[in-house]
Amino acid sequence: MSSFFSRISGYFDASYAGRYEAIIIQEVARECPALMTLLFNNYDSKKHKIELEYYYSDFKGKSRRADLAVLQGEYPVFLMEIKFDDSSLDGQLESYVDFVKGNRKVSFLYLTKNTPTSKELENLQHCKRTNHVLFSDLCVKMMKTKSVYFNSYGKMYIQYLKEVCNMFAEIDKDG
């Protein structure tokens, strides 16, 4: 049987997959803050606010939008770009890296379903506060984190990620 998140995802246009995933993360994190801590180590639900579609200007004056941001007061401390069934736009990752380099208190996560290109990964290596995580790796971390694994919202999200990230169950060697 498919998970709750899988069942409702069919109602959304595939081009909004990153936004849909950001909404899921925000909603699950409200009930299971440990999920957000896996994505952003310094997350504290008492002092941070999660915001969807955070707009910022890069250093060339171009308006950009992060799928998800963690704010402390009015200021971002964490930005996340999510790519599910699409790839980054021209100059998108460079813009994030430049923004993070210019804002010492901001870190960035590139969360993807598929492995990024070598060029995308190379762009992220230009700053210590930028990182890449695969959804499948996030799922494995969630399964190893008791505060997520035993949370009903965390369990529901784990089930969904197992479905959509084509994760394999351990094979019974004796079978």
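Hi everyone. Before we start, this is a predicted model, where local features need pLDDT of at least 70, side-chain atom pairs count only at pLDDT 80 or more, and totals for chains, interfaces and linings use all residues. Residues are numbered from 1 along each chain as its sequence is written, and side-chain values use heavy atoms, with hydrogens and water left out.

Let's begin with the sheet. It is open and has 5 strands in the order β1-β2-β3-β4-β5, with mixed pairing. A strand here is a DSSP run of E of at least two residues, a helix is a run of H or I of at least four, and both are numbered from the N terminus. Two strands pair if DSSP finds at least two bridges between them. At the edges stand β1 (49–57) and β5 (130–134); each has a single partner strand, so one side of each is left without a neighbour in the sheet. From one strand to the next, the twist averages 35 degrees.

Now the helices. Helix α4, residues 92–102, packs on the sheet and touches β1, β2, β3, β4 (107–112) and β5, where contact means heavy atoms within 4.5 Å. The direction of α4 makes about 160 degrees with that of β3; axes are lines fitted to C-alpha atoms, for helices over the stretch in contact, and angles run from 0 to 180 degrees between N-to-C directions. Helix α6 (135–144) lies across β3, β4 and β5, and runs at about 80 degrees to β5.

Let's zoom in on β3. Why is β3 described as largely enclosed by the rest of the structure? Because 8 of its 9 residues are buried, and buried means under 20% relative accessible area, against over 50% for exposed and in between for partly exposed (1.4 Å probe, protein chains only). On one side, β2 (63–72) runs antiparallel to β3 (75–83), joined by 5 bridges. Their hairpin has 2 residues between the strands, and Gly73 takes a positive phi near 70 degrees there. Leu71 stands opposite Pro76, and Val70 has Phe78 as its bridge partner. Phe78 also has a bridge partner in β4, namely Ser107. β3 and β4 run parallel, joined by 6 bridges.

Last stop: Asn151, in the loop between α7 (146–149) and α8 (152–164). Asn151 counts as buried because its relative accessible area is 17%. Leaving aside residues up to four places away in sequence, Asn151 touches Glu31 and Cys32. A polar atom of the Asn151 side chain lies 2.7 Å from the backbone nitrogen of Tyr153. Thanks, everyone!

Note on methods
A polar contact is a pair of N or O atoms within 3.5 Å; within protein, one must be able to donate a hydrogen and the other to accept it, and residues adjacent in sequence count only if both atoms are side-chain atoms.
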